[in-house]
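Hello,

Here is the structure we talked about. Please open it first, then read my notes below.

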Amino acid sequence: MAITRRELITNIAKAGVPAAVAMTVSTETLQAENLPVPNAPVGLMYDASLCIGCKACEVACNEANNTPPDTRGDGLHQSAADLNDLTRNIIKLYKSDDGSVTSFVKRQCMQCFDPACAAGCPFQALHKDHETGVVLWDGDKCIGCRYCTITCPYSVPRFQWKGFDPVVTKCELCSHRLAKGLKPGCSSVCPTGAVIFGSREMLLLEAKRRIKKNPGRYYQDRVYGETDNGGTQALYLSRVAFADLGLPELGPESVPARTLRWQKRIYQYFALPALLYVGLVQVIRKNLKGHEQEAHERAEETGLRAQL
Amino acid sequence: MFKHPTIAEHLEASGVSRRSFIQLCSMLMATAPMGLALTKNKSVFEITAAIGKTKRPSVIWLHFQDCTGCTETLLRTSAPDVAHLILDVISLDYHETLMAASGAQAEAALKSAVAENEGKFVLVVEGAIPMKDEGVYMELAGKPALQVLREVAAKSAAVIAIGSCASWGGVPSADPNPTGAVGVDSIITGKPIINLPGCPPNPYNLLGVVLEYVTMGKVPALDELGRPKFAYERVIHENCPRRAHFDAGRFAAVFGDDGHRKGWCLYKLGCKGPITHAACSTQSFNEVPNCWPIGIGAPCMGCTEKGVIWRMSTFETVPIHLATPPDTYPPIYSSIGGATVGAAALVGAVAGALGGVTWVHSQRFASSQEIGVERLEADRRNEENLSAAEKDLEKGFDKKED
């Protein structure tokens, strides 16, 4: 059986698909983009084992950021159920199923080295400060798409659902206070030193000192945020598993880097898009041929010029 | 001329022990935690010495539209010694309730007390002053109260308005206010005026202000309503002994219910503590612990606030200005958002409308297609008929030709 020219080309193209896929997927893990490292990263270190759940930090946070207390729960108390447009900082309680193990956890922005919110933001409204590494929100650039609220693996940025000129609220480490030489609101009032502010380097040293001094006290003798999600500027120590406190185990690769890796594979050498294009062209050509045939038949049948 | 002794000298002459004077001074310290300059960073002995060296301040006390409750609060201390002490520390030169004189004698007493201490005495005003119809609703010795106040206040060093009536009108000024009652600061200008609202106010507030004035020579720091900050800076709610119940969400719902018996928070019974600036929660009346409305299970009436008592319903709840966190905690994971019935109904209505419109249009489109097909069919039939007719015609012609 003789092979037509068309069949030959089609077969070559078909053989090319798995080859192209194999070529792209088998490539070595692509290096994440070289992210600019902040000059002097600052952060918070929260030791859940020291927290007494007094919520002084919640009140101080709202005062420092000039935000009214969120009384939408019962109208009497500042009782937010989670971070929201009026709550940048919240103390939550973990209780094991049998109630034998409990731990408080303070949740606020993790100030990631590679923030997923900033990666998801189409206009760099969320960006990392070059000096302190704090992730800041610029209202003039924000278009209100709320991608940041979805991309953040810690669900930190929150959108203001009501109001004419809504804002995205997240902890910005009291940057306005830092500029004046003050500590962030939360760390300035903590009565037990459960949350402390400082340069990330010093905080990491302190966290490791505590682990070394109290072996077995902390979960896995590990500082959450040292490498997690590519490293964060907010560090955590805890007696209970971090996952129980709502801090997911994300591995050392940051969420945007992982996404970028797959995204780059898809577009590598432009192989997959090119194949997709070829496939689409084939489909269109085939369909078009059918349509032309039909139109021709119709024209012959009716004697009228058929329109495609 | 009578020489004014110092407080220490007078106390010694009256046979008051040094111990009870020190007790009084420590009480003064305890009741003024929010910064009375007199007691700031000093030991009780230093304060005792400072007060002891001072000349006894001359106090003239005038009554207007009042119930004498403020005088009573001064006298009804649990230990008679304390009332005695207060009256020994200050030199109460004229007081209508406490003096034996009456009639012309009393008039003369006021005149001489004012003349003797002109420019030096502290004037304490109790009660509101009627202003309507040129003050005819109250007269003292044939003169309207308004005139008496103006005359005496002009010669005083400072004016203390004791009680809510003297501070801003109080009960007599409640609607419809038939006498046009007002407080001292609506009438007197050019003198330092200290308001000590309360119904009644704690007598230690008066003592603190008077002693501060005579030992330090200045009026204590006042808030925007002229109330001394040392006693009126904070709201009752902040230091309330029932605060823990508020934070835990334990409220008495009705008088005499289980929560009320257990001493839970009285907020829902109309307690005005969250908006009332006063030191009641830290400073008991009559030196008896918990002797104040909230302490005995009655909601705070807000008697120190012009806009609250006699202007708000007793059982009306008030807004919380500075909401604080409760002593409960949110769980680690909480569901975000949720749909209200209205929102669900709106979404349903929009979806239904879109679906309906689509269906109607699809029906119209289909029928228009059918019409088109029918027309096409008709055209085709016409054409066929036409061509058939032509053929017939041609045949006819052919036959004719044949």
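**What I found**

Of the 308 residues in chain A, 35% are buried (20 or more other C-beta atoms within 10 Å of the residue's own; 12 or fewer is exposed, in between is partly exposed; C-beta atoms are placed from the backbone).

Some ground rules. This is a predicted model, where local features need pLDDT of at least 70, side-chain atom pairs count only at pLDDT 80 or more, and totals for chains, interfaces and linings use all residues. Residues are numbered from 1 along each chain as its sequence is written, while chains are lettered from A and ligands numbered from 1 in the order in which they are written.

Chain A has a mean pLDDT of 88 (the predictor's confidence in each residue, from 0 to 100). In chain A, 92% of residues reach 70 or more. Residues 26-32 of chain A stay under 50.

Chain A has nine helices and nine strands (DSSP runs numbered from the N terminus: helices are H or I, at least four residues; strands are E, at least two).

Next, contacts (C-beta atoms, placed from the backbone, within 7 Å). Among contacts in chain A with a separation of 6 or more, 61% join residues 24 or more positions apart. Between the chains, 13 residues of chain B touch 22 residues of chain A.

Now look at Gly259(B). This glycine is in helix α12 of chain B, residues 258-261. Gly259(B) counts as partly exposed because it has 18 C-beta neighbours inside 10 Å. Beyond four places in sequence, its contacts include Phe251(B) and Trp264(B). His245(B) is 14 residues from Gly259(B) in sequence, and 9.8 Å away, C-alpha to C-alpha.

Best wishes

Key. Two residues are in contact if their C-beta atoms, placed from the backbone, lie within 7 Å.
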